Amino acid sequence: MDVSVFNPTAVPVPVVHPTAQGVERVSQDLRSVYSSGKTKTFDWRVSQLKALLKITTYHEKDIFEALRSDLNKSENDAYLHEVYRVSESCKLALKELPRWMMPERVETSMINFPSSAEIVSEPLGVVLVISPWNYPFVVGAIAAGNAVVLKPSEVSPATSSLLSNLLGEYMDPSAVKVVEGGVPETTALLEQKWDKILYTGNSNVGRIILTAAAKHLTPVVLELGGKCPAVVDSNTDLVIDALSSELENFYGKDPMQSKDLSRLINSRHFDRVTKLLDDKKISGKVVIGGQRDKANLKIAPTVILDAPEDSLIMNEEIFGPLLPIVTVDKIEDSFGLINSKGKPLAAYLFTNDKKLKEEFIRNVSAGGMAINETITHITEPTLPFGGVGESGMGAYHGKFSFDTFSHKKAVLQRGFAVDADIRYPPFTPGKVKLMRALLTGDILGIPRALIGW
């Protein structure tokens, strides 16, 4: 069935930006819409997924311009990481939604004979997504049939404003709302009761969100940061030479002049990253890069060799173009070093040694892994993406996103025709024997119990 999107004309719908005081009303309105059953229908879900797909199709250039304004992100990166991923997520959900929504039949035991059972995926309700644009969380929330509040990041104002306007124009404004703003608005949102909260960002804010969610016993998905180690089974000098050569290929001899080099999101984050770089404990250890331009919020890709364990860069989240290299006597020693820290969101290994690959996968705990590659595991919809331990909780992508925003409801059905009296008092020796024989699958014990042996 072809379902038209809401607001099919080009006339924009006025976008409302609730104040902190208006957030409670937003929550109440969404709960009312969800209670009507509107978002649970297949047709509504399809219409909203098609609307998201139209946004990525018709507003590609607008998205590029917003990301260029916020991050100086190149068009190629913006397409791959934002437009393409959201578009493909929508297409996958549209293709698979009938199957995802279909109840899953499961077997029942002899004790419930005759009966049937199934697992029904039902929406959680009204969910809050606190996230930047570049992760298609909204796709999973809508596909699962929830009403949604999206809180985009205030540190990327151009992207936040664009997202708010486009969702307001194309999506159903009664069931999908955007709340822009900073700390006051986020705090007000966290005071409300939600049926799930998803947050992506740093661990400090993650703890605040988890604490707020506990008040209402709200389940959360946290995709946090931390360090993502890469183990390279090679000579250190070769690695540094290769990095230097490839970085020059990417950005030229002066990376600060490259149009493909993104910038830091704002001056606060620029100062945070330069503080790591100016730490006296890594003085003299910069082997590649180190240039910076505060006026344009740019820092060249920088490699630090043998950063001390107690240096700032080895103990704080980097989230910038700095790469500390730690050398070990044996490659296997890196496993213990990684495991001595908080569990990472991802871990990478570069080697052709099959045994080393197996040991790495078996012994290193991480949210995800890639061998002889970095980051690309997040592009596979058949793989879950999420953290573990301090790097987060919960997983998503593809059907995992649908499942994240769904409740798996157990349903057992029986008729009235047959009901075994062995389940009810008085529990005679014969009833007990028959019950045990049925539960344990004792084929010989069943007839013996029936004839009173």
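Helix packing and an open sheet in a predicted model

Reader: At roughly what angle do helix α3 and helix α6 cross?

Author: In this predicted model, helix α3 spans residues 60–71 and helix α6 spans residues 157–170; helices are DSSP runs of H or I with at least four residues, strands are runs of E with at least two, and both are numbered from the N terminus. Their axes, lines fitted to C-alpha atoms over the stretch in contact, with angles from 0 to 180 degrees between N-to-C directions, come within 7 Å. The crossing angle is roughly 155 degrees.

Reader: Is α3 roughly parallel or roughly antiparallel to α6?

Author: Angles under 35 degrees count as roughly parallel, over 145 as roughly antiparallel, 65 to 115 as roughly perpendicular and the rest as oblique. The axes cross at roughly 155 degrees, which makes α3 to α6 roughly antiparallel.

Reader: Which residues of α6 make the contact?

Author: Contact means heavy atoms within 4.5 Å. From α3 come D62, I63, A66, L67, S69 and D70. From α6 come P157, A158, T159 and L162.

Reader: Which strands stand at the edges of the open sheet?

Author: The sheet has 3 strands in the order β1-β2-β17, with antiparallel pairing; two strands pair if DSSP finds at least two bridges between them. β1 (104–106) and β17 (406–414) each have a single partner strand, so one side of each lacks a neighbour in the sheet. The edge strands are β1 and β17.

Reader: What is the bridge partner of P123 in β17?

Author: Strand β2 (residues 115–123) and β17 pair in the antiparallel sense over 9 bridges. In β17, P123 has as its bridge partner S406.

Residues are numbered from 1 along each chain as its sequence is written. Local features need pLDDT of at least 70, side-chain atom pairs count only at pLDDT 80 or more, totals for chains, interfaces and linings use all residues, and side-chain values use heavy atoms, leaving out hydrogens and water.
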